[in-house]
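This report describes selected secondary-structure elements, their surroundings and their packing. The sequence and the structure are shown below.

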Amino acid sequence: MPHSIPQSNSKDSVDQDSTLPDAPPASLERPNAEDDSLSGSNVVAQGPSNANVKLEDLFDEDDDEEFPSSGVSKDAPSSSPPPSPPMIAPSAKYSDPGVMRTFYQRLFPFRYLFQWLNHSMKPSNDFSHREFALTLQNDAYVRYQSFPTSDLLRKDIIDRNPSRFEIGPVYTTNPRDRKTLRKSSAFRPLAKELVFDIDLTDYDEIRTCCDKANICHKCWSFITMAIKVVDVALRDDFGFQHIMWVYSGRRGAHAWISDKRARNMDDQRRRSIAGYLEVIKGGAQSGKKVNVKRPLHPHLARSLDILKEHFQNDVLVQQNPWAKPEKAERLLQLLPDRTLNDALRKKWEAAPGRSSASKWADIDALAKAGASKNLDGKALLEAKQDIVLEYTYPRLDVEVSKKQIHLLKSPFVVHPGTGRVCVPIDTRRVEDFDPLGVPTVTELIHEIDAWGSHHQDADSEGGSKKLQDYEKTRLRPYVDLFRTLVGVLLRAEQGVKRERDDDDPMEF
């Protein structure tokens with residue numbers, strides 16, 4: 001059950017003078033204050049125009065070779081046409097090595113990944129001492145890889161062409177040099193983002209539409225509920241601001257918390273936060289899975305308020321979890337009064353096709369009708385609250401969150417089972433996110449080719465701005481969102497560093 005953890009009152013300062021270049025279009029602005037859930041302040045901070053150095057000046061848009069364009073450079077001699085981009089056959093599969101290499105060369109946002117993990121524009125140990133683990137095309141798993149710069153990471157990924165790669169902690173030294181240390185204890189993790197993992201397979205006992213690796217829009221609503229509950233708890237209860245949710249590529253979502261305070265947490269504090277958020281306990285064959293104290297902790301009371309509408313629509317109507325007699329029996333086991341249970345069972349046996357929404361309404365109807373003379377109304381209310389939590393509250397894989405050394409799949413890699421890209425989720429429009437509409441790697445590459453065939457004349461004439469390849473595809477809004485989140489984080493880190501410099505006690 002949730003328990004109190006002291007919340008730090010100090011918040012990272014945000015550099016209001018720095019602006020992010022080429023931020024996403026105005027549609028990313030919040031329509032109202034209630035939608036302000038992406039960070040502690042507005043996504044793109046507006047400040048006075050007399051800043052000494054703006055963040056946009058550091059992005060160097062005119063010299064970006066990370067996303068090579070397939071268009072013709074207006075500076076190229078007309079007699080020397082650029083080499084044609086690699087063509088992918090229409091029948092190519094996302095598992096083809098050529099497809100993956102083209103994706104890494106033309107679409108993967110290595111520069112923004114570097115800035116996100118490095119927390120600065122200049123290379124630092126936050127990146128060079130960071131572990132990367134690669135799954136190669138032959139399924140070999142290579143750990144303890146590290147790279148001084150984003151260019152070297154990009155080069156190695158393109159050369160090795162892994163099917164995916166994962167991100168680990170920042171260590172005391174370069175992970176590649178760990179075997180050269182005299183004492184193995186000198187090699188230890190220093191920092192890592194606090195992460196959370198939610199997987200729909202943990203909902204198999206309550207979802208009726210799909211199971212195992214399969215998903216649909218109906219059961220994806222469980223992930224939507226989880227993101228809403230966990231995100232507000234991390235922001236309101238712990239004061240974290242830099243939270244990014246990422247689609248896992250198939251049936252789940254990952255949360256990355258990049259606040260400096262979160263990155264520097266030891267394992268004990270990570271376990272405490274994971275325990276605070278863990279409510280559902282026990283496997284599929286266990287009994288009552290929600291056992292919380294009364295009065296309800298404020299986090300649980302708030303969660304119930306968020307989840308009650310989802311319970312009515314997404315659970316009772318869409319999932320219809322108690323349609324079968326054995327499932328309805330599970331519901332009765334969670335109610336506190338045997339006499340009431342007998343009356344409900346008799347009513348439902350007389351109407352085999354009764355829906356779960358009707359069965360849920362029957363509980364209050366028979367209770368008010370006096371089906372049980374000794375019914376404890378308070379106990380019944382608490383039991384119903386626990387049932388709502390059991391069928392809607394996030395089912396976290398808490399082991400992922402407890403240790404710094406746990407590796408997690410990088411954003412923007414391709415899921416090897418579906419071919420879909422692991423894209424960020426906009427929490428301001430979380431209910432609009434469609435996991436089945438996320439583009440696959442082959443679709444993206446074909447979109448680049450299609451764009452080129454339709455805009456060949458514009459490219460040859462040298463347009464006002466040479467588009468990067470990701471901008472020609474459906475990946476663009478996800479990279480733009482990532483870039484915005486990275487910009488907010490960099491401004492906050494700049495503010496922290498300035499505060500540290502201002503407070504330096506060493507004076508001569």
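In helix α3, the residues F110, R111, Y112, L113, F114, Q115, W116, L117 and N118 are buried. The helix spans residues 110–118 and is mostly covered, with nine of its nine residues buried. H119 follows α3 and has a positive phi, near 65°. The model is a predicted one, and the values reported here are computed from it.

With neighbours within four places in sequence left aside, L234 is in contact with F196, G239, F240, I243, I257, I273 and L277.

Strand β7 covers residues 252–257; six of its six residues are buried, so the strand is largely enclosed by the rest of the structure. In a regular strand the side chains alternate between the two faces of the sheet. Accordingly, G252, H254 and W256 point one way from β7, while A253, A255 and I257 point the other way, and all are buried.

Which strands are joined to β7 by bridges? Strand β5 (residues 194–199) is joined to β7 by six bridges, and the two run antiparallel. Strand β6 (residues 243–247) is joined to β7 by five bridges, and this pair is also antiparallel. Individual partners can be named for both pairings: L194 has I257 of β7 as its bridge partner, and M244 stands opposite W256 in β7. I257 is also among the residues in contact with L234. The hairpin of β6 and β7 has four residues between the strands, and within this hairpin G249 takes a positive phi near 100°.

**A loop residue**

T173 lies in the loop between β3 (164–171) and β4 (189–191). Is T173 buried or exposed? Its relative accessibility is 18%, and the cut-off for a buried residue is under 20%, so T173 counts as buried. Apart from neighbours within four places in sequence, T173 is in contact with H129, L181 and F187.

Two packed helices are described by the angle between their axes and the distance between the axes. The table gives these values for two helix pairs.

| Helix pair | Angle | Axis distance |
|---|---|---|
| α10 (residues 325–333) and α11 (residues 338–349) | about 160° | 10 Å apart |
| α11 and α12 (residues 356–368) | roughly 130° | within 10 Å |

With an angle of about 160°, α10 is therefore roughly antiparallel to α11. α10 passes α11 in a right-handed crossing.

For the second pair, the axes cross at roughly 130°, which makes α11 oblique to α12. The crossing of α11 and α12 is right-handed. Here L340, A343, L344, K347 and W348 of α11 meet K359, D362, I363, L366 and A367 of α12.

Technical notes. Residues numbered from 1 in each chain as written. Predicted model: local features only at pLDDT ≥ 70, side-chain atom pairs only at ≥ 80, totals over all residues. Heavy atoms only, no water. Buried < 20%, exposed > 50% of the residue type's maximum accessible area, 1.4 Å probe, protein only. Pairing = 2+ DSSP bridges. Contact = heavy atoms within 4.5 Å. Axes fitted to C-alpha atoms, helices over the stretch in contact; angles between N-to-C directions. Parallel < 35°, antiparallel > 145°, perpendicular 65-115°, else oblique. Left-handed = near helix turned anticlockwise from the far one by under 90°.
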